[in-house]
Amino acid sequence: MSVTIHTAPWLLTGRGDPIRHGAVVIADTHIAAVGPLTDVRRRFDDTDVVEWQGVLIPGLVNAHTHLQYSGMADIGTRGYASFEEWSEVFEQSYEAANSLADGWRPAAAAGLRAMLASGTTAAGDVVTHAEALDVLRTGGLHGVAYWEVMAWHAPDWTDRGRAATLRLLEEQGATGDAAVGLSPHAPYSLDTEVLRDLGTLSRRRGLRSHLHLAESAAEHDFVAHGSGALAEQWRAWGFGGFELLRRGGVNLSAVSYAESVAALGPDTHIAHGIYVDADDRATLRRHSTAVALCPRSNAALGLAEAPVADYLREGNIVAVGTDSLSSSPSLDVLADTASLYRIARSQGYHESDLHRRLFAAVTEGGAAALGMSHRIGTLEPGKLADFAVLEVDARRGRDVLATIVEAGEGSAIGTVIAGTIRFDRAGERTPAV
């Protein structure tokens, strides 16, 4: 067994207070011990030590992204007046990218490298092209690659869509423990029975599920009334046969509609969750469904701010995502954490635990969203040795935590996954006794 000690001036385990001059002991791929370096050295007195400058924290979790769109960054740095305007631009950029000879895999791999360089060790990656579905696995990141299903009428799904999806899952070797899941795209992009069937399929196969939900105000109009800009857009694209559009909606919120077709549950997390009320948030809690908040993407698309303060006060399971480079300026999830901090404060969340709660969201909350809390999210013996090292200079533990949450973007200097150094900004980290 290979045993190594990693130490830094500060250690945040995700459990308890920051530890001054802390250390993590790695035995092969897992954590054997954590604590003050002096205590750890007494137990492991003849072990190599890797010294970092800064703060050592649990690996960051990007709970919602689309790595394959990393080559579409030209549209992710602009601002849009509405979700529908962005959708039109996205479709044009998507068609151009889809015609490239090298396909989607290189872009996804580039996105993965960018996440590694920002301290991310696990992700929920939504994938629409099979060639990019194994990029997380082959790239050595933990998480779930969600096969995205969208634009299916119920008869076509029954005739051929379901069988094609099952074949893909079989080809990927997807079992209950595999890092492959299903992503029903959104309530407006799938016929009602298709959305219901995907939930059934996920549960029967023991897969994680992930969907975009309550992302735009137009989504509510689509679901509740079968009307509005998004409804007209999908009718123009040839999907007027969807049950929601034929019936003139179901007079439910997007979250209530998802509940009515059994699309929520503890094996599911949603992205965005912006246009929700107290009843919707209670529904998510009742089903133990986490929400991945993506504030920078929302801002770029001209959307409202998610009710961050309410989610925190009411006890929802909160994670953090960047979305893709087609709607966000970077894949650094700490930039979104800082945005969530500012939003929560502006919404009146003044409790003293805000830094701790948001730090938990970008680590432990993401692990919960992906169904991986038993393996990642905190630095504890028995869990995978996944951690990040951030360049933070502070004298007090509470200052370290505040700096990470409020201004952690671009601070990653090291990323370790399953005990292996995958990113070292200085390029000089070698074991030394």
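The bend at a residue is the angle between two axes, one fitted to the seven residues ending there and the other to the seven starting there. Helices (H or I, at least four residues) and strands (E, at least two) are DSSP runs, numbered from the N terminus. The model is a predicted one, in which local features need pLDDT of at least 70 and side-chain atom pairs count only at pLDDT 80 or more, while totals for chains, interfaces and linings use all residues. Residues are numbered from 1 along each chain as its sequence is written, and side-chain values use heavy atoms, with hydrogens and water left out.

Helix α6, residues 154-172, bends by about 45° at R160. Several of its residues are buried (under 20% relative accessible area, with exposed meaning over 50% and partly exposed in between, for a 1.4 Å probe and protein chains only). The buried residues of α6 are A154, W157, G161, T165, L168, L169 and Q172. They pack against α5 (135-139), β8 (142-149), β9 (180-184) and α7 (192-205), where contact means heavy atoms within 4.5 Å.

Helix α7 contains D197. At 17% relative accessibility, D197 counts as buried. Leaving aside residues up to four places away in sequence, D197 touches W157 and R162.

Just after α6, G173 takes a positive phi of about 65°. In the loop between β8 and α6 lies A151, which has a positive phi of about 65° although it is not a glycine. A151 counts as partly exposed, at 30% relative accessibility. Another residue other than glycine with a positive phi is D323, with a value near 60°. D323 belongs to the loop between β13 (318-320) and α15 (333-346), and it is buried, with a relative accessible area of 6%.

## Helices α8 and α9

Two packed helices are described by the angle between their axes and the distance between the axes. Here, axes are lines fitted to C-alpha atoms, for helices over the stretch in contact, and angles run from 0 to 180 degrees between N-to-C directions. The axes of α8 (residues 217-225) and α9 (residues 229-236) come within 7 Å and cross at roughly 70°. That makes α8 roughly perpendicular to α9 (65 to 115 degrees; under 35 is roughly parallel, over 145 roughly antiparallel and the rest oblique).

In this contact, A218, E219 and F222 of α8 meet L230, A231 and W234 of α9. The residues involved divide into five nonpolar, no polar and one charged. Ala, Val, Leu, Ile, Met, Phe, Trp, Tyr, Cys and Pro count as nonpolar, Asp, Glu, Lys and Arg as charged, and the others, Gly among them, as polar.

## Aromatic pairs

Rings of Phe, Tyr and Trp (its six-membered ring) pair if their centres lie within 6.5 Å; planes under 30 degrees apart count as stacked, over 60 as edge-to-face and the rest as tilted. A search of the whole structure finds 15 aromatic pairs. Two of them involve W234, as tabulated below.

| Pair | Centre to centre | Angle between planes | Arrangement |
|---|---|---|---|
| Y188 and W234 | 5.9 Å | 65° | edge-to-face |
| W234 and W237 | 5.3 Å | 70° | edge-to-face |

Y188 lies in the loop between β9 and α7 and W234 in helix α9, so their pair ties together parts that are 46 residues apart in sequence. Y188 is buried, at 4% relative accessibility. W234 is likewise buried, at 4% relative accessibility, whereas W237 is partly exposed, with a relative accessible area of 33%. One aromatic cluster includes Y188, F222, W234 and W237, among other residues.
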